[in-house]
Amino acid sequence: MIIPSFDLSSEVDKQEVRNAVDQAQRELRTRFDLKGIDAEITFEENGILLAAPEDFQLKQLKDILRDKMVARGVDSRYLISGEVEGVGKVKRQNLELRQGIDRDAAKSIVKLVKDSKLKVQSQINGEKLRITGKKRDDLQKTMAMLKEASLELPLRFDNFKDYQVWFFYRSILG
């Protein structure tokens, strides 16, 4: 008998982020309030680079990017804002993409699951968590509880496995 389970992760879809950056760049070229300034939004391997002459323009770029990410279904909590750096006439800010669940966040999620008194077990597997339980309903209640919890990182529920015993026997017996 295989126990029902699901994986909990916090990984961003980089292709959707790249698409959001492309859309933000297009909007940047057409916005009247940003015309004629040397501003850009650039997708990099582990993040996004914003560049503009002034701090308030950096904030505008970040707002445009967040709007495009939300429109593409990407949670803006994946972005970790870096420090604003002044390089000559241009200010730059690097937005790092959050990938995976760090150790402290994983421990707090495990504690949250244990405190819920649901009959499920959680196990930390690197930057993911595996939640297992005997009943599918308990797993679904756990998912709902984690969605409602005010966690600072976005969560993805992957690999929901709910094997029925009779499927197993049916495949053996033909």
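Is K117 buried or exposed? K117 is exposed, because its relative accessible area is 71%, where exposed stands for over 50%, buried for under 20% and partly exposed for what lies in between, with a 1.4 Å probe and protein chains only. The legends below describe a predicted model, in which local features need pLDDT of at least 70 and side-chain atom pairs count only at pLDDT 80 or more, while totals for chains, interfaces and linings use all residues. Residues are numbered from 1 along each chain as its sequence is written, and side-chain values use heavy atoms, with hydrogens and water left out.

**View 1. The whole protein, with its order of elements and its overall dimensions.**
The secondary structure amounts to five helices and eight strands, where helices (H or I, at least four residues) and strands (E, at least two) are DSSP runs numbered from the N terminus. Read from the N terminus, the order of the elements is β-α-β-β-α-β-β-α-β-β-α-β-α. The C-alpha trace spans about 70 × 35 × 25 Å along its principal axes. The radius of gyration is 21 Å, whereas a compact globule of 174 residues would have one near 16 Å; this radius is taken over C-alpha atoms, and the globule rule is 2.2 Å times the number of residues to the power 0.38. Of the 174 residues, 34% count as buried. The protein exposes about 11000 Å², of which carbon and sulfur atoms supply 47%, the areas coming from the Shrake-Rupley method with a 1.4 Å probe and, for residues, with only the protein chains shown counting as cover.

**View 2. The loop that holds K117.**
K117 lies in the loop between α3 (103–115) and β6. Its phi is near 65°, which is a positive value in a residue other than glycine. Most residues other than glycine have a negative phi.

Strand β6 (residues 120–125) and strand β7 (residues 128–133) pair in the antiparallel sense over six bridges, and two strands are said to pair if DSSP finds at least two bridges between them.

**View 4**
In β7 the covered face consists of L129, I131 and G133, while K128, R130 and T132 make up the uncovered one. Strand β7 also pairs with β1, in the antiparallel sense and over four bridges, and in this pairing F6 stands opposite I131 in β7.

**View 3. S5 in strand β1.**
S5 is found in strand β1 and counts as buried, because its relative accessibility is 5%. Leaving aside neighbours within four places in sequence, S5 is in contact with R130, I131, T132, L139, N159, F160 and K161, where contact means heavy atoms within 4.5 Å. S5 and G82 are 77 residues apart in sequence, and their C-alpha atoms are 36 Å apart in space.

V12 lies in the loop between β1 (5–9) and α1 (14–30), and V12 counts as buried because its relative accessibility is 7%. When neighbours within four places in sequence are left aside, the contacts of V12 are V17, V74, Y78, L97, R98 and Q99. Between V12 and Q60, which are 48 residues apart along the chain, the C-alpha atoms are separated by 23 Å.

**View 4. Q57 in helix α2.**
Q57 is found in helix α2 (residues 55–71), and Q57 counts as buried because its relative accessibility is 8%. Not counting residues up to four places away in sequence, Q57 touches L34, I37 and A52.

**View 5. L79 in strand β4.**
L79 is found in strand β4 (residues 79–87), and a relative accessibility of 8% is why L79 counts as buried. Not counting residues up to four places away in sequence, L79 touches I48, L65, M69, L95, E96 and L97. L79 and A51 are 28 residues apart in sequence and 16 Å apart in space, C-alpha to C-alpha.
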